[in-house]
Amino acid sequence: MRVPPKYKNSFFVRLVLSYTIFAFLLVGLAGGYLVSEANRMMVKEISQESKINLEHSRELLRGTILKKYEDILMKEAVSSAYVSTNSAALNYLLDNEMEGNLSRIYAFRSNLEILKVATEGVTNVTIYFKKGNYVVDQQYFYSKPENSLDYEFINGLSNTPQNHWMIRTLPNGNKVMTYMIKLPFVSLWASPNGYMYLDIDIDYLTKSLSERMNRDLDKLFVFDENGKIIIESTTVSKDEKSLIENFIGSDDLVEVLGKSSNKQIASYLVDAKSGWTYAMIRPMNSFALSSEIFKKRVIWVSFFVLCFGLCVSYLLSKQLNNPIKKSLQLIKSLIQTHQVHNVHDDVTMDSALLTLGKQIKILQSKAKSNGLKNLLLGTSLGLEQIDDFPLNGEYVVVHIRVHEGASEAYKERYDSLDHRIPNLLITLNNSEVAIIYMMNSFMLSVVETLLNEHISEVRRSLKEVGIRFDASIGTIVPSLEEISESYQFALQASKYHFIYGNEQTLLYANIRSKHIEPCFFSNEAYKAAIKAGDIDAAIQVINEMEKRIKSANYQLETVELTVLQLVTTLYHVVVELEVQKIISISGLSNHMMTETLDETLHLIRNISIKIATHVKESKSHSHEKVILKLKSYIDENLHMDLSLQLLSEVAGLVPAYISTLFGEVMDESFTEYVTRSRMEKAANLLSKEIDMTVAAISIQVGYRNKQYFHNKFKAYFGVTPVQYRLEKSEK
């Protein structure tokens, strides 16, 4: 723009030029400083967020996905140490040779098949029985391990680390993760009787991990202790893979990689326990960080301020008003305030500053929340966020699970109450809250009483507004650095709400005293009752098991194992009775494990009643036919050693079920009928077969011991066999 002649070399022009230069320098220095601070804030925030994301990924893979399979395998292993009532039990096969046990082996293979079908992601479940030198998986029984396609791996099981995930390639070329344990599960140092291992499909693990990632653009890598890639959450280019491999092992845990046009944030974390390395790369443009937004605002505001200064240097005072208004409108749009017309410029600036202040408070609140969560997880990042909390004393963490995802409503109501004990509330997610209580020396002797009373008061207050919650109290720790230990114990105690029900307050001090002895129940009686359609007997077995669990001091793992045994028996009943159309096997386990033991057993009762009712309705007409067939068999084979076990092999039914049906159809027990039939046949032979001796007749009716036959005959007829023959011959 050309300066009018009357303003050339004037004092006003020099003043405007001086102002422009001064403004340029001032804005440049201020803008540069603020941009530098924004970059520093961004690097700090990225470092913290990347560490949290990697911790989350590690916990997701190791603590959730793989832990689920470890728990399944360990429960099977625990059963090898305690369960002995089932004829196809694992411990029986471990202690015996293959000969004479083929039926048990095939029954056990069916169990493995059910386990594989019910557990998503499992490709193989294999057990090597050392004593019998044979292999069983979910599909086949190999009398010789050499016949198995996986023989090379099986042959090296004795040198394979147990309780450790490993990567291997199956003979068919599929990559899997394998977890192996020794059997029986008694001691890690005892000589094993066999080995059991589980294969999980790598592609399934990758898919599961990817589906639970927080961001679609994140690329997660998991390397084993040898630096070999285990899992890639998505397909990456060779350049990206090369960048991340070169980056791992560097001193910086977070680094910016790539060219300026395609920058990516790389971070990694080494798991000291497993030796695995978790690495993640994320495109720079995927970050919606407050520092990045702040930097952009600084650049834009600086740009418009400079433009404003240049305009002022070339425009006269009459033209100053319009540029100022335009600049203010731009500032309002940048801070996302509503347009307000006919408002003084000072009011507009106040509104802008107020909005910026609110955004800063929001960012500070988020930073404090993240810091306190880190404190609970055991890092030191949260200590700087609790300046307003007493630092001298002892602490205990209470874990709160709020029903129906009402954690924010819980916090709002909790903050409005008066508290006798200093505390700090941390919202973890929509349904979980953690509260850190500070205890002085006077409170330590009555800490449990104080916390129980305090939680009861809170429960009563929140119940008035319809908020229900479960509470679990951890251990007392002497410093803030050990808060994570108290929190972990509170989480362990919270799991016992499964046994004791919702809306209860549980103490870890009471939980750790529980024992892990097995809790047995009559699974054969339960199975027989359902197969017989006897609803009352089936419910009685469940009720007795429930009473035993609640009256004893069992650990959660023992209770879960007992429930799993009950569900497994229910699986077998569904398969044996072929009632899959009524009860879905694939969905059975999902319905079983509810929030509480009462709900789980209620569902099992309902399913048991449903199956027993179906059996009773569908098989009521076939009972008489089966028993009449067995009656004919008994009548034709009275000379044999008759037993319920023999009849079960003839009819293909379990002995207890045959006994129940026999009593229903014949109105007398199996033993009573056999005794009566033998006595009647013996009496008939004594009267008609004069030439047969009493000893021969005794053998003919199934009694090998002559004296025992005499006693039974006299007890039945009131006279000895000889006396009975004489009486009949005289007549």
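**Walking through the model**

Mentor: Helices here are DSSP runs of H or I with at least four residues, strands are runs of E with at least two, and both are numbered from the N terminus. Keep in mind that this is a predicted model, where local features need pLDDT of at least 70, side-chain atom pairs count only at pLDDT 80 or more, and totals for chains, interfaces and linings use all residues. Residues are numbered from 1 along each chain as its sequence is written, and side-chain values use heavy atoms, with hydrogens and water left out.

Trainee: Switching to helix packing. At what angle do α10 and α11 pack?

Mentor: About 110°, with the axes 11 Å apart; α10 covers residues 407–415 and α11 covers 447–463. The axes are lines fitted to C-alpha atoms, for helices over the stretch in contact, and the angle runs from 0 to 180 degrees between N-to-C directions.

Trainee: So what do you call that arrangement of α10 and α11?

Mentor: Roughly perpendicular. That label covers 65 to 115 degrees, while under 35 is roughly parallel, over 145 is roughly antiparallel and the rest is oblique.

Trainee: Which residues meet there?

Mentor: From α10 you have Tyr-410, Arg-413 and Tyr-414, and they meet His-454, Val-458, Ser-461 and Leu-462 of α11. Contact means heavy atoms within 4.5 Å. By class, this α10–α11 contact has 4 nonpolar, 2 polar and 1 charged residues. Nonpolar here is Ala, Val, Leu, Ile, Met, Phe, Trp, Tyr, Cys and Pro; charged is Asp, Glu, Lys and Arg; the others, Gly among them, are polar.

Trainee: How many aromatic pairs turn up in the whole structure?

Mentor: The search finds 20. One of them is Tyr-134 with Phe-141, edge-to-face at 5.6 Å centre to centre and 80° between the planes. Rings of Phe, Tyr and Trp (its six-membered ring) pair if their centres lie within 6.5 Å; planes under 30 degrees apart are stacked, over 60 edge-to-face, and the rest tilted.

Trainee: Are Tyr-134 and Phe-141 buried or exposed?

Mentor: Tyr-134 is buried at 0% relative accessibility, and Phe-141 is buried at 17%. There's also a tilted pair, Tyr-703 and Phe-709, at 5.8 Å centre to centre with 40° between the planes. Tyr-703 is buried at 6%, and Phe-709 is buried at 0%.

Trainee: Which cluster do those last two belong to?

Mentor: One aromatic cluster made of Tyr-703, Tyr-708, Phe-709, Phe-713, Tyr-716, Phe-717 and Tyr-724.

Trainee: Last topic: what's phi at Asp-667?

Mentor: Near 60°, a positive value in a residue other than glycine. Asp-667 is in the loop between α22 (655–666) and α23 (670–688), and Asp-667 is exposed at 70% relative accessibility.

Definitions and conventions
Buried means under 20% relative accessible area, exposed over 50%, partly exposed in between (1.4 Å probe, protein chains only).
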